[in-house]
Amino acid sequence: MKHNGRRYYPFSQFLRERFGCKVYKLPVDAGFTCPNRDGKIGYGGCTYCYNPSFSPPILLQKSSIPLQVKYRKALLKRKGKVNKFLVYFQSYTNTYARVKILKRLYDEAIQDKDVIGFCIGTRPDCVPDEVLDLIESYAKDYHIWLEYGLQSMHDETLLRIRRGHNFAQFGDAVKRTQGRNIFICVHIILGLPGEAKEDILKTTRALVRMGIDGIKLHHLQVIKNTRIAREFSKGEFKVLSLEDYIKLVCDVLELLPARIAIQRLVGEVLQDKMLVAPRWNLNKHKVLSAIDQEFVDRGSFQGSKFDSKKS
Ligand code: SF4
């Protein structure tokens with residue numbers, strides 16, 4: 001299986017097949033917070049969380065959503081032919097507000113005529129039925145993704161990284177989301193403290209069984225001033241080498257059926273001065289090329305080990 005020379009199914013390809021043109025995600029900051037930070041579930045957040053590394057530039061954060069969309073769109077249009085856009089509610093927990101407020105924010109996202117839908121990053125414990133009902137109401141006319149941060153299926157790991165939810169809550173959220181014409185993307189982190197390769201593959205198999213539509217793979221990054229940075233400085237765990245990460249990514253992709261869209265293959269950090277370890281992801285192109293090469297060397301591809309009977 002090859003998609004534009006790649007041995008996995010990139011999200012860009014998924015969107016092109018569906019909409020017949022190039023579609024870009026436009027990240028916005030809608031001013032949400034997170035229940036794992038504001039005290040509802042916990043204080044201090046997940047041990048690795050450094051939100052500015054996945055937030056838009058400060059200048060944009062206080063702007064309205066339509067203004068953020070306009071700015072992002074102009075930047076992309078300057079770079080080439082871009083036809084359609086998905087607004088990406090990225091920062092913090094983008095379903096963590098009253099339905100009335102969510103409706104106003106989501107309505108703002110679709111004001112632009114070139115916006116064909118939106119993606120909402122959230123936690124599995126923040127999607128009550130009334131919020132899912134609201135999101136479903138957009139899915140009739142727009143292309144909608146819910147992106148669930150899971151990171152691992154192992155409750156021991158989730159406790160260790162202080163996620164504030166367990167795997168059962170994720171399973172419940174997925175079940176209640178399915179059947180609503182909402183696509184489900186799941187974020188997982190490879191290289192979490194205490195996890196070995198088999199733990200990561202177990203998480204992958206569980207996600208396949210649940211019938212998710214897309215996945216984002218991140219490597220564990222240690223960012224300054226986080227709790228995990230303190231654990232790292234005490235030698236409580238090691239980060240993955242580039243070589244080990246590449247192998248793990250291919251191991252994971254081999255288990256995924258070919259229909260699952262790959263939305264991300266490596267974590268990104270916007271402020272490299274904040275990055276403690278590892279440093280190899282600063283050259284993203286090198287990482288992606290190494291993944292392609294590993295597949296070629298193995299003679300394998302996404303789904304080559306997918307077994308529909310076992311999954
Ligand atoms: S759920 Fe997301 S935003 Fe909240 S603390 Fe964890 S990583 Fe940070």
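Student: By class, which residues make up the shell around the ligand in this predicted model?
Tutor: The model is predicted. The ligand is surrounded by Cys34, Arg37, Gly45, Cys46, Tyr48, Cys49, Asn51, Tyr92, Arg123 and Arg163. Tyr and Cys count as nonpolar, Arg as charged, and Gly as polar. By class, that shell has five nonpolar, two polar and three charged residues.

Student: Tyr92 surrounds the ligand along with others. Is Tyr92 buried, partly exposed or exposed?
Tutor: Tyr92 sits in the loop between strand S2 (84–89) and H4. Partly exposed falls between under 20% for buried and over 50% for exposed. Tyr92 has a relative accessible area of 28%, so its class is partly exposed.

Student: What is the phi of Tyr92?
Tutor: Most residues other than glycine have a negative phi. Tyr92 is a residue other than glycine, yet its phi is positive. The value is near 60°.

Student: Asn225 also has a positive phi. Is Asn225 buried or exposed?
Tutor: Asn225 lies in the loop between strand S7 (222–223) and helix H9 (227–233). Its phi is near 65°. The relative accessible area of Asn225 is 69%, and the cut-off for exposed is over 50%. Asn225 is therefore exposed.

Student: How do the axes of H4 and H5 run, roughly parallel or roughly perpendicular to each other?
Tutor: Helix H4 covers residues 99–109 and helix H5 residues 129–139. Their axes come within 10 Å and cross at roughly 25°. Angles under 35 degrees count as roughly parallel. H4 and H5 are therefore roughly parallel.

Student: How do the residues of the contact of H4 with H5 divide by class?
Tutor: From H4 come Val99, Leu102, Lys103, Tyr106 and Asp107. They meet Glu130, Val131, Leu134, Ile135 and Tyr138 in H5. The contact divides into seven nonpolar, no polar and three charged residues.

Student: Which strands do the buried residues of H1 pack against?
Tutor: H1 spans residues 11–19, and its buried residues are Phe11, Gln13, Phe14 and Leu15. Just after H1, Gly20 takes a positive phi of about 70°. The buried residues pack against strand S1 (23–28), S2, strand S4 (143–151), strand S5 (183–190) and strand S8 (261–264).

Student: What is omega for the cis peptide bond that joins Ala277 and Pro278?
Tutor: Most peptide bonds are trans. The bond joining Ala277 and Pro278 is cis. Pro278 lies in the loop between strand S9 (275–277) and helix H11 (284–298). Omega is about -15°.

How values were computed. Residues are numbered from 1 along each chain as its sequence is written. This is a predicted model: local features need pLDDT of at least 70, side-chain atom pairs count only at pLDDT 80 or more; totals for chains, interfaces and linings use all residues. Side-chain values use heavy atoms; hydrogens and water are left out. Axes are lines fitted to C-alpha atoms, for helices over the stretch in contact, and angles run from 0 to 180 degrees between N-to-C directions. Helices (H or I, at least four residues) and strands (E, at least two) are DSSP runs, numbered from the N terminus. Angles under 35 degrees count as roughly parallel, over 145 as roughly antiparallel, 65 to 115 as roughly perpendicular and the rest as oblique. Contact means heavy atoms within 4.5 Å. A residue is near a molecule or strand if one of its heavy atoms lies within 4 Å of it. Buried means under 20% relative accessible area, exposed over 50%, partly exposed in between (1.4 Å probe, protein chains only).
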